[in-house]
Amino acid sequence: MVLVVNCTAGTASAELAGSLTARLPEAEIVVATAEDDLESLFSKAAARARILGVAGGDGTVRLAAGVAVDAGLPLLVVPAGTFNHFAADLGVESADDALAALRDGNSVLVDVGTADGAAFLNTASTGVYVDLVKARERLEPSLGKWPAMLIALADVLRGSKPADLLVDGRRRKVWLLFVGNCRYEPSGAAPAYRPDLADGTLDVRMVDGAQPLARTRLVVAVLLGTLGRCRVYQTWSATSLRVASLEAGSVPLCLDGEATETKPALRIVKCPKKLLVYRPSAGD
């Protein structure tokens, strides 16, 4: 196994890398810093690995998963980011969970989504969420992640406007387009978790910006817990989705919470049971 520890991620550190080296004496542990090209690092690791490992957050795991799928390798995920959404839904809460699953050989095939070929494990999103992520990334080096997120949210809610998009050939004014890799729960509220990581579907949720007072109605619905009945909030399931920008430039997009370069038009596709990952057994 070659395991890459991204020391720029939330809780990843040289100490974690040292611990994994001690607990996995036959593995090669690679420490990544801010100067490294992570995708290139994973590609080189995959070329000499039988198992690819990753310690980091959702963005790091996304890159590792794309490389693992292309190389036909199983993936070991050690949660070491700020949120670790994929690892949590997988049932891997800690390095102990990950290493126990590896030791016992417990693994499962999970779905992967792609946006013009770029893999994602959690979500692909466009609209004001992209503005929020970019604003947070600008502020984060000086303020830290959570203060940056709060200030960015206030700025985005005050100044952003809906994106003008074609969604499956239909013109839409979109505050937010959320595409989940597998169905998220709860269905009538903000998506929180997935009961099944291999259900073969994309969970599509859209906030329509064309209707009067759409942003205000959305906020009120969230506060009252009536989002599922809000007319500006639409949901459906799909196996693919075409999205194109009707404005200058590319479709603004975030994959697993990180802003990503795209084209003026893209196709989001579901790839069922594409990635083998280690996870604790159901009885653990």
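Helices (at least four residues) and strands (at least two) are runs picked out by DSSP and numbered from the N terminus. With that in hand, let's walk through this structure, which is a predicted model.

Start with the whole protein chain. Its secondary structure comes to 8 helices and 15 strands. The chain has 284 residues, and 48% of them count as buried. What about the outside? The protein chain exposes about 13500 Å², with carbon and sulfur atoms supplying 53% of that area.

Now let's zoom in on a spot at the surface. Glu35, Asp36, Asp37, Glu39 and Asp70 gather there in a patch of negative charge. Look at glutamate 35, one of that group. You'll find glutamate 35 in the loop that runs between strand 2 (28–32) and helix 2 (38–47). Is glutamate 35 buried or exposed? Its relative accessibility is 70%, so glutamate 35 counts as exposed, since the cut-off for that label is over 50%.

For another kind of place, head to alanine 163, which sits in strand 8 (residues 163–167). Alanine 163 has a relative accessible area of 9%, so this residue is buried; the label calls for a value under 20%. Which residues does alanine 163 touch, if you skip its neighbours within four places in sequence? They are Arg172, Lys173, Val174 and Glu247. Glutamate 247 is 84 residues away from alanine 163 along the chain, yet their C-alpha atoms are separated by 8.2 Å.

Terms used: Residues are numbered from 1 along each chain as its sequence is written. This is a predicted model: local features need pLDDT of at least 70, side-chain atom pairs count only at pLDDT 80 or more; totals for chains, interfaces and linings use all residues. Side-chain values use heavy atoms; hydrogens and water are left out. Buried means under 20% relative accessible area, exposed over 50%, partly exposed in between (1.4 Å probe, protein chains only). Accessible areas come from the Shrake-Rupley method with a 1.4 Å probe; for residues, only the protein chains shown count as cover. Patches are made of residues with over 30% relative accessible area and no salt bridge: like charges are joined within 9 Å, nonpolar side chains (Val, Leu, Ile, Met, Phe, Trp, Tyr) within 5 Å. A salt bridge is a side-chain nitrogen of Lys or Arg within 4 Å of a carboxyl oxygen of Asp or Glu. Lys and Arg count as positive and Asp and Glu as negative; His and the chain ends are not counted. The place of a charge is taken as NZ of Lys, CZ of Arg, CG of Asp or CD of Glu. Contact means heavy atoms within 4.5 Å.
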